[in-house]
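Below are my notes on the model, as numbered points. Please read them alongside the coordinates.

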Amino acid sequence: MGTLLSKKSEKPVNQELVEGIRIRKLADLQYCIEIIQRDYPTHTCVNRTEFEDIFCSMLEDYEAYFNNLCFMGEGSDEETVDLYECLAVLSMLCGDTFEKKMGYLFSMFDFDLSGTIEKCELVLTFQSVVRGLSRFLHFPVPSLEFLENIAETCFLAIDKDFSKTIEYPHVLCVDTC
């Protein structure tokens, strides 16, 4: 993880965009999530027009946010934004407390609604948070494999009872990995 944190930003961070998120709360995301569930329930990535449809009510300069988060999809000539990465960035940078943010991310990636996070769900959480923040803050985007290895190491450190699941309060013990 040290090699990831020692990297420098590839270009200056747009502080106006960061502040535009920081003034928001997790509750502000709810309308966007309703649009995703209603209009894009099978999408994991969205194009510029879909991004505008989802986030224009929350993000004043949605085009600048799209540009900071977009990438060229594999086998595609169209720029897209990963919805999980976008929601992770918005939730991590919003003005709510750390505990609320962690609870939100926990519930967002608890795909089976079990109230616990399994290793595969933690891997997806790490990948979405770190890759989304890396794109948004102009850091080199780490490989999926690299983040999978880190998430698996953290999972093993947190899952002290060997239940192969992590309950929410244990996620806050991030100093163990």
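How many aromatic pairs does the structure hold?

1. The structure holds 6 aromatic pairs; rings of Phe, Tyr and Trp (its six-membered ring) pair if their centres lie within 6.5 Å, and planes under 30 degrees apart count as stacked, over 60 as edge-to-face and the rest as tilted. One of them joins Phe-51 and Phe-66, with centres 5.4 Å apart and planes at 70°, so this pair is edge-to-face. Phe-51 sits in helix α4 and Phe-66 in helix α5, 15 residues apart. Phe-51, Phe-55 and Phe-66 form one aromatic cluster.

2. This is a predicted model: local features need pLDDT of at least 70, side-chain atom pairs count only at pLDDT 80 or more, and totals for chains, interfaces and linings use all residues. Residues are numbered from 1 along each chain as its sequence is written, and side-chain values use heavy atoms, leaving out hydrogens and water.

3. In α4 (residues 48–55), Glu-50, Phe-51, Ile-54 and Phe-55 are buried, that is, under 20% relative accessible area, with exposed over 50% and partly exposed in between (1.4 Å probe, protein chains only). These residues cover an arc of only 110° around the axis, which puts them on the same side of α4; the arc is that of the directions from the helix axis to the C-beta atoms. Helices (H or I, at least four residues) and strands (E, at least two) are DSSP runs, numbered from the N terminus.

4. Tyr-65, Asn-68 and Leu-69 in α5 meet Gly-132, Arg-135 and Phe-136 in α8, where contact means heavy atoms within 4.5 Å.
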